[in-house]
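Hi,

Here is the structure I promised to pass on to you.

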Amino acid sequence: MGQFLDGKNLADERAAILKTQVSKLKSQGIVPLFCVINIGDDPSSKLYIKTKKRRADEIGIVQKVYQLPKTQSQQSLLTLIDRLNQDKKVYGIMIQLPVPPQINLNEALEHIDPEKDVDCLTPSNVGRLWRGDHYVEPATAHGVLALLDHYQIKLHGKKVVIIGRSSIVGKPLAALMLERDATVSILHSKTKQLAEYTKNADILVSAVGHANLITPEMVKENAVVIDVGINRVNNQTVGDVNTVLIKPKVSFITPVPGGIGPLTVESLMEQVVKLTRRKNGR
Ligand code: NDP
C-alpha cells in the first residue's frame, strides 16, 4: 500500500521556519510585502487570494490586493505595475490568473520588474530558470521538489512524466526536474495515448484539472504519483488521480487536498522572503 506524501504538514513546518526569518527581518525594519493584482471577479481567484492571505498573515508577510474591475484597461494596468515597480516598499508583484480577454497578459508580465517577479513569469526569469540560474522559483514547482526532497525521493536518473504544459506548472517543473538529472517527458491535450508514456514513469505528475484522468492501468507498479490538479466534484475538492484505486499500487502519492496545494502557497511566501532579503542584501 502506498504512502501519502503529506504536503500540509511540511508546509506548516516550513512556514514556521519562514516566520522566524520574517521576524528577524522585521526587527531590522524590513517588512516583506507583496502585491496581488486581481482583475475581475473569478470566484476561484478570490478563494486563492484568501488562502494566500491566511498564510501570509501567519508568517508575518504583508499581502496587498489590488482589486481591479472586469473592464480594466491594459494601459491603466501597466500604469499600476509601473507604480508598484517604483515603490521601494513592494518586494513582489503577481497577477492573479485568469485575466479577462482584453488584457494582454504577456505584455503585462513583461512590465513587471524581474526583481519583483514573485511568480517567475517574466521572460528574463523564465530564461534564468531554464539556464539553471534561478532568481525565483515558481511556487508549485518549488513545492513539488520540496515534497520529494522531504521524503528523500531522488530524481537523478528517474523517468518523469508530467501531464500539463502550462507556464505556471508543467514547464517550470520540467526545467527544475531536468536540472536534477531526471529524464522528463511533458504530455498535453494533443498527446495521443497518454498511457503509453505514463505507465513507464517512475514519477508521474498530473497538472491538468480533470478529475479521474489518471486510472490504475496508466500507472507503473511502485511509481511516485504527484497530483497537482484541483477539481470540484459533488462539492468536494479532488485531484486528477483516482487516489482510492491507485494508492495500493504505488509507493507514494499526494492526497488532494493536503498535498501540493498547501506547499504551493507556502512556497510563494518563501519566494517573497527571498526577494525581500536579496533586495536588502540579506
Ligand atoms: P492549464 O489549464 O493552464 O493547463 C492544463 C494543461 O493540461 C494543459 O497543458 C493542457 O494541454 C493539459 N490537458 C488538458 N486536458 C488534457 C488531457 N485530456 N490530457 C492531457 N493533457 C491535458 O492549467 P494549470 O497548469 O494552471 O493548472 C492545472 C491544474 O492544476 C488545475 O487543476 C489547477 O487548478 C491545478 N493547480 C494546482 C495548484 C496547486 O497548488 N495544487 C497550483 C496551480 C494549478 P494543452 O496545453 O494542450 O491545452
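By class, the shell around the ligand is made up of 10 nonpolar, 10 polar and 1 charged residues. Here Ala, Val, Leu, Ile, Met, Phe, Trp, Tyr, Cys and Pro count as nonpolar, Asp, Glu, Lys and Arg as charged, and the others, Gly among them, as polar. That shell holds 21 residues, of which Arg165, Ser166, Ser189, Ile230 and Thr264 come nearest; a residue is near if one of its heavy atoms lies within 4 Å of the molecule.

Before going on, a word on the source: this is a predicted model, where local features need pLDDT of at least 70 and side-chain atom pairs count only at pLDDT 80 or more, while totals for chains, interfaces and linings use all residues. Residues are numbered from 1 along each chain as its sequence is written, and side-chain values use heavy atoms, with hydrogens and water left out.

A polar side-chain atom of Thr264 sits 2.8 Å from a ligand oxygen atom. The backbone takes part too: a polar backbone atom of Ile230 is 3.0 Å from an oxygen atom of the ligand, and one of His188 is 3.5 Å from a ligand nitrogen atom. The protein buries 72% of the 920 Å² that the ligand exposes when taken alone, with areas from the Shrake-Rupley method and a 1.4 Å probe.

Which helix gives the most to the shell around the ligand? Helix H10 (residues 260-279) does, with 3 residues; helices are DSSP runs of H or I, at least four residues long, numbered from the N terminus.

Beyond its neighbours within four places in sequence, Thr276 is in contact (heavy atoms within 4.5 Å) with Leu25, Ile30, Pro32 and Tyr91. Leu268, also found in H10, is buried at 4% relative accessibility. With the neighbours within four places again left aside, Leu268 has contacts that include Phe34, Lys52, Met94 and Ala139.

Finally, the overall layout: the chain is assigned domain 1 (29-113) and domain 2 (139-261), with bounds from an automatic or database domain assignment. Their centres, taken over C-alpha atoms, are separated by 28 Å.

Best wishes

Technical notes
A polar contact is a pair of N or O atoms within 3.5 Å; within protein, one must be able to donate a hydrogen and the other to accept it, and residues adjacent in sequence count only if both atoms are side-chain atoms. Helices (H or I, at least four residues) and strands (E, at least two) are DSSP runs, numbered from the N terminus. Buried means under 20% relative accessible area, exposed over 50%, partly exposed in between (1.4 Å probe, protein chains only).
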